[in-house]
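Colleague: I am new to this structure. Please show me how to read its features one by one.

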Amino acid sequence: MKLNSANINVMIKACRKASKILIRDFGEIEKLQVSIKGPGDFVTAADKKVEKILIDELQKARPSYSILSEEIGEINNDESFRWIIDPIDGTANFLHGIPHFGISVGLEQNKEIVCGIIYDPIKDEMFTAEKGNGAYLNNQRMRVSSRSKLNDCIIFTGGPKHSAKNRDQSLKEYNNFSSKTSIPIRKLGSASLDMAYVAAGRCDGFWQRNLKYWDIAAGIILVKEAGGFVTDFKGESKYIENKTILVTNARINKEMIEVLNS
Ligand code: IPD
Ligand code: CA
Ligand code: CA
């Protein structure tokens, strides 16, 4: 049976509360799509509202912890514990009325991610993990897939975003994959859910350049606790510094690195 720690329970409670607003606001988006002004400002407001609920709940339960959150930035407090929050990951999907986005909250202890939660409020899928205690989808234990032949796999990626140089590199990697393998590559638009899906064994790997820490913090512990690998494109664990990430099941990591660097 799954036993949640006190911190995971705090995170679940905060996500569930914030998701009520998120679901309600998502219901409004459809109407705004057809308005002349469009849903842009409304989505920004939704992002901020969700973030506020998350932070209020987390602070109520753990007043001494520090926070890094996408919209408000840093709240510096206790140096050993820090929440890492992305209130809506997959904003472009949310904005367009596509039901694929999540709330992502990670917990760092002494700069290492020790707990993570990614919640997809539309599908009511709660992905949780804690160091040493495994990874779960709702209450079911998750494992990464066991596919070992790259050509049998489905791989996710995102971007390209940001500077022209990064864009060129991302396109080169994408084209390499398309020409050297016959793998189906998907871009679903939420990096945190991409990582959660690797952890759940739904897809076999995910790569992306230049993410932000809040995009990947919770996903890192989910994938590790589900038995997967989290590295950069060279196979090293420097992903936290450069936010360029490769996550895979335990069998295709080497081959993915070869293709990405070819
Ligand atoms: C984005 C999503 C997307 C990824 C982008 C992120 P946001 O986060 O995770 O999948 O490709 O790089 O910025 O803006 O929706 O929180
Ligand atoms: Ca994000
Ligand atoms: Ca976001």
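Modeller: Start with accessibility: buried means under 20% relative accessible area, exposed over 50%, and partly exposed in between (1.4 Å probe, protein chains only). At 39% relative accessibility, Asp124 therefore counts as partly exposed. This is a predicted model, in which local features need pLDDT of at least 70 and side-chain atom pairs count only at pLDDT 80 or more, while totals for chains, interfaces and linings use all residues. Residues are numbered from 1 along each chain as its sequence is written, chains are lettered from A and ligands numbered from 1 in the order in which they are written, and side-chain values use heavy atoms, with hydrogens and water left out.

Colleague: What is the phi of Asp124?

Modeller: Most residues other than glycine have a negative phi. Asp124 has a positive phi near 50 degrees. Asn110, which is not a glycine either, has a positive phi of about 45 degrees. Asn110 sits in the loop between strand S4 (102-109) and strand S5 (112-120), where strands are DSSP runs (E, at least two residues) and helices are runs of H or I of at least four, numbered from the N terminus. With 54% relative accessibility, Asn110 is exposed.

Colleague: Which residues coordinate the calcium ion (ligand 2)?

Modeller: Donors are N, O and S atoms within 2.8 Å of the metal (3.2 Å for Na, K and Ca); water is not among the atoms, so sites may look incomplete. Here Asp86, Asp89 and Asp215 coordinate the calcium ion (ligand 2) through OD atoms at 2.1 to 2.3 Å. Asp86 lies in strand S3 (residues 78-89) and Asp215 in helix H6 (residues 213-225), so the pair ties together parts 129 residues apart in sequence. Both Asp86 and Asp215 are buried. Asp86 also coordinates the calcium ion (ligand 3), 3.7 Å from the calcium ion (ligand 2).

Colleague: How many salt bridges are there?

Modeller: A salt bridge is a side-chain nitrogen of Lys or Arg within 4 Å of a carboxyl oxygen of Asp or Glu. By this rule the count is 15. One of them joins Asp25 and Lys49 at 2.9 Å, N to O. Asp25 belongs to helix H1 (residues 6-33) and Lys49 to helix H2 (residues 40-61), so this pair links parts 24 residues apart in sequence. Asp25 is buried at 3% relative accessibility, whereas Lys49 is partly exposed at 33%.

Colleague: Is Glu173 buried or exposed?

Modeller: Glu173 is buried, with a relative accessible area of 5%. The side chain of Glu173 forms a salt bridge with that of Arg209 (2.5 Å, N to O).
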